[in-house]
Each structure stands twice: as structure tokens, then as C-alpha cells.
Amino acid sequence: MFRQFTEHISENQGYLLFSLGIFLVFFIVVTIMLIRLKKTHIEYMSDMPLNDTISEPDQIEQP
């Protein structure tokens with residue numbers, strides 16, 4: 001079955017299949033990375049914008 005597809009592929013279709021393959025590989029890798037990500041890291045990153053313990057330069061009090 002796969003041989004039938006590869007025998008009738010022109011140049012443009014080859015590029016399309018190659019780009020589709022790259023697209024699928026990228027999103028499979030991202031999905032695997034997200035599944036393996038620790039929940040503590042996700043919680044830490046989600047709390048970062050709300051964390052006020054880090055002093056930013058524009059929030060420093062002037063005498």
C-alpha cells in the first residue's frame with residue numbers, strides 16, 4: 001500500500017509529505033515532553049507572575 005503512494009509522488013507532493021512528516025514529528029515530541037513534565041514545575045511556572053518576592057528594578061523604593 002505504501003509503495004503505491006511512493007511510486008506516484010511528483011516533486012511537489014514529496015515536499016508536502018516531507019513537511020507533513022516534520023509537522024507530525026514536532027507535535028509528537030512536544031506532546032511527549034508535556035506528558036513527562038513534572039507537575040511541581042508546572043505549578044512553579046504558573047505561580048511566577050503572582051509571586052511578589054522578586055523585586056523588580058521599577059519597584060525599588062527611593063529614599
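**Entry 1. Order of elements.** I read the protein along its sequence and noted the pattern α-α-α. The secondary structure amounts to three helices and zero strands. I record here that this is a predicted model.

**Entry 2. Confidence.** I next looked up how the predictor scores its own model. The average pLDDT of the protein is 77, and 75% of the residues score at least 70. For residues 59-63, I found a pLDDT below 50. Beyond near neighbours in sequence, that stretch has one contact in the model. Among the helices, I noted the highest confidence in H2, at a mean of 90, and the lowest in helix H1 (residues 2-7), at 71.

**Entry 3. Burial and surface.** I asked what share of the 63 residues is buried. The value is 0% for the protein. I then looked up the accessible surface, which comes to about 6800 Å². Carbon and sulfur atoms account for 65% of that surface.

**Entry 4. A nonpolar patch.** I searched the surface for nonpolar side chains that group together. One patch is formed by Ile9, Leu17, Leu20, Phe23, Leu24, Phe26, Phe27, Ile28 and Ile32. Together, these residues have about 850 Å² of accessible area.

**Entry 5. Phe26.** Phe26 lies in helix H2, which covers residues 11-36.

**Entry 6. Aromatic rings.** I looked for ring pairs and found two aromatic pairs in the structure. Phe26 and Phe27 form one of them, with 5.1 Å from centre to centre and 85° between the planes. This pair is edge-to-face, because planes over 60 degrees apart are given that name. I also looked up Phe27, which is partly exposed at a relative accessible area of 43%. Which residues do ring pairs link into a cluster? I noted Phe23, Phe26 and Phe27 as its members.

Conventions. Residues are numbered from 1 along each chain as its sequence is written. This is a predicted model: local features need pLDDT of at least 70, side-chain atom pairs count only at pLDDT 80 or more; totals for chains, interfaces and linings use all residues. Side-chain values use heavy atoms; hydrogens and water are left out. Helices (H or I, at least four residues) and strands (E, at least two) are DSSP runs, numbered from the N terminus. Buried means under 20% relative accessible area, exposed over 50%, partly exposed in between (1.4 Å probe, protein chains only). Accessible areas come from the Shrake-Rupley method with a 1.4 Å probe; for residues, only the protein chains shown count as cover. Patches are made of residues with over 30% relative accessible area and no salt bridge: like charges are joined within 9 Å, nonpolar side chains (Val, Leu, Ile, Met, Phe, Trp, Tyr) within 5 Å. A salt bridge is a side-chain nitrogen of Lys or Arg within 4 Å of a carboxyl oxygen of Asp or Glu. Rings of Phe, Tyr and Trp (its six-membered ring) pair if their centres lie within 6.5 Å; planes under 30 degrees apart count as stacked, over 60 as edge-to-face and the rest as tilted. pLDDT is the predictor's confidence in each residue, from 0 to 100. Contact means heavy atoms within 4.5 Å.
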